[in-house]
Amino acid sequence: MAWALKLPLADEVIESGLVQDFDASLSGIGQELGAGAYSMSDVLALPIFKQEESSLPPENENKILPFQYVLCAATSPAVKLHDETLTYLNQGQSYEIRMLDNRKIGELPEINGKLVKSIFRVVFHDRRLQYTEHQQLEGWRWNRPGDRILDIDIPMSVGIIDPRANPTQLNTVEFLWDPTKRTSVFIQVHCISTEFTMRKHGGEKGVPFRVQIDTFKENENGEYTEHLHSASCQIKVFKPKGADRKQKTDREKMEKRTPHEKEKYQPSYETTILTECSPWPEITYVNNAPSPGFNSSHSSFSIGEGNGSPNHQPEPPPPIVDVSPNLLPTSTPQEAQQWLHRNRFSTFSRLFTNFSGADLLKLTREDVIQICGPADGIRLFNALKGRMVRPRLTIYVCQESQQLRELQQQKPEDGDAAGSTFFVYHAIYLEELTALELTEKLAQLFSISSRQISQIYKQGPTGIHVLISDEMIQNFQDESCFVLDTMKAETNDSYHIILK
C-alpha cells in the first residue's frame with residue numbers, strides 16, 4: 001500500500017521539474033527579441049539573394065561584402081522561395097548596373113584614392129553549355145558577323161574610366177572605376193536565349209545566362225590581378241519588348257494562384273542584387289599584349305583559347321611525330337589527336353579522345369557541325385575530306401622548242417608524225433589575277449628571277465603582240481592552254497615572253 005502511494009508523489013516531482021525547466025527556457029525570449037538586439041540594417045546587409053546562403057559557415061553569415069552591384073531590372077515573380085532570382089532583359093536595351101562601395105571604415109585602405117578594375121562577362125548558366133562554350137560562341141560569331149554579345153553604353157555610363165571591349169572576346173568588357181565616386185555602367189546584351197537552344201521549331205524555352213562581375217586591385221607591378229570581389233545573377237534575354245511581355249505573363253500567372261501557393265514564391269523585386277560567387281578561374285587572368293582597339297597603358301586579360309568555360313581548359317598537345325599530313329583511315333587515336341592539334345582543332349581534342357582516323361572520316365557534314373558548331377564544323381569537315389581551296393584561275397603552259405617549230409613548219413601530209421609528238425604542259429595557278437603575279441609564276445617555272453622577264457605579250461589576230469595587263473588576265477578563260485615563246489630583249493639581259 002505504501003508503495004502504491006509513492007507513485008503520485010514521484011509524478012509530482014517530475015512534473016514540477018519539467019515546469020521549472022520550461023519556464024527557464026522561455027525566460028530569455030523576450031530579451032532576445034528586444035529592440036536593442038534586432039536591427040533591420042543587419043538583415044539588409046545579408047546577401048538575401050545568395051543561393052548558397054544556407055551552406056555558409058556561421059562566422060560568414062554577417063559578413064559585409066566590400067562592393068555591391070545592383071542591376072536595375074525587376075526580378076521574375078515566378079521563382080520559388082529557395083531558388084536563385086531570375087531577371088528578364090530585352091535584347092540590345094541599355095540596363096544600368098550600380099557599382100556601390102560597401103566597405104566599412106578602415107576596410108581595404110590600400111585602395112583608397114586608387115582605381116579598381118571590373119570585368120563584366122555574360123556566360124552560360126547551364127553546366128552542359130559551359131563545356132562547349134567556345135564552340136557555341138564561335139557559332140554565334142559565324143551567324144552574326146561583326147556583332148558583340150556584350151557592350152557598354154558609354155554615353156549613358158557614369159564614372160567609368162578606360163572602357164575596353166576586346167574584339168576576340170565577344171562576351172567580355174572591362175573598365176576602371178573609383179569606388180569613392182558614383183559609378184553606374186549601362187550594359188547591352190545582344191544575344192537572345194533561344195539562339196543557343198538545341199532545337200529551333202518555335203516555342204522552345206531559351207537558355208539562361210549569367211552576368212558576372214569580377215573586381216581587382218593593382219599589385220606591386222601596377223597590374224590589376226589581385227582579386228577583391230565577384231558577384232553574378234541569372235538572366236534570360238528576349239527579343240525587344242519580349243522581356244516586358246514575359247514579366248507581365250508571370251505576374252498574371254501568380255495573380256491566379258491561391259494565397260497558399262503564392263507563399264511558395266518570391267515577390268518580384270524592382271532591382272536585382274548580384275550575389276557573391278567564385279571568381280573566374282585564375283588561369284584566365286594572364287597578361288597578354290593588348291589586342292587591336294585596346295589602350296596599351298593597362299594590361300588586358302585573355303580567356304585561354306577563345307572564351308573557355310571555368311571547368312574546361314584546352315588539352316595540352318601530344319608530342320608531334322612525323323606522320324602523314326592527311327588523316328588516314330588507318331590512323332590510331334593518338335595519331336588522330338596529333339592531326340587535330342596540327343590543324344588547329346585543339347579545342348575539340350577532348351571530344352574526340354577515342355576517335356581513330358576511320359571514326360573521324362565517317363562523320364558526315366551534319367555530324368561535325370552539330371558537334372563543333374557551324375564555323376569550326378565546316379572547317380573540320382573540309383580538313384577531314386582534304387579539300388583544297390580552288391584557285392581563281394588555272395592556265396596550262398608549254399615552252400616552245402626548236403622541235404615544235406620544225407613540226408609546225410612541216411607539210412600537212414606529215415600530220416601523223418606531228419600528232420604523235422608528246423608535249424608536256426605545266427599548270428599555273430593564279431589568285432590575284434595580276435600581270436605581276438603571272439610574271440612571278442613564270443619566273444619560278446623557268447627558274448629565273450622575275451627581273452629577267454621584261455614584258456609578257458599575248459599573240460593576237462594576224463600575229464600581233466598584245467601587252468598583257470591585269471584586265472586581260474581577268475578575262476582569261478579558266479584552264480586555257482598557251483605555248484610560251486621567248487625573245488631576247490634588245491637593251492639588256494632580260495627576256496620577252498609571248499603566250500601563243
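## A mixed sheet

In this predicted model, six strands form an open sheet with mixed pairing, in the order S16-S15-S19-S20-S17-S18; strands here are DSSP runs (E, at least two residues), as helices are (H or I, at least four), numbered from the N terminus. Its edge strands, S16 (426–430) and S18 (465–467), each pair on one side only, where pairing requires that DSSP finds at least two bridges between two strands.

Within the sheet, strand S17 (residues 453–459) and strand S20 (residues 495–499) pair in the parallel sense over five bridges, and Lys458 stands opposite Leu499 in S20. Helix H14 (residues 435–446) packs on the sheet, where the strands touched include S15 (393–399) and S19 (480–488); a contact means heavy atoms within 4.5 Å.

## Confidence

The protein chain has a mean pLDDT of 76, with 72% of its residues at 70 or more; pLDDT is the predictor's confidence in each residue, from 0 to 100. Over residues 22–61 pLDDT stays under 50, and the model has 18 contacts beyond four places in sequence for them. Where pLDDT is low, the predicted coordinates should not be read in detail.

## Reading the values

Residues are numbered from 1 along each chain as its sequence is written, and side-chain values use heavy atoms, with hydrogens and water left out. As the model is predicted, local features need pLDDT of at least 70 and side-chain atom pairs count only at pLDDT 80 or more, whereas totals for chains, interfaces and linings use all residues.

Notes:
Axes fitted to C-alpha atoms, helices over the stretch in contact; angles between N-to-C directions.
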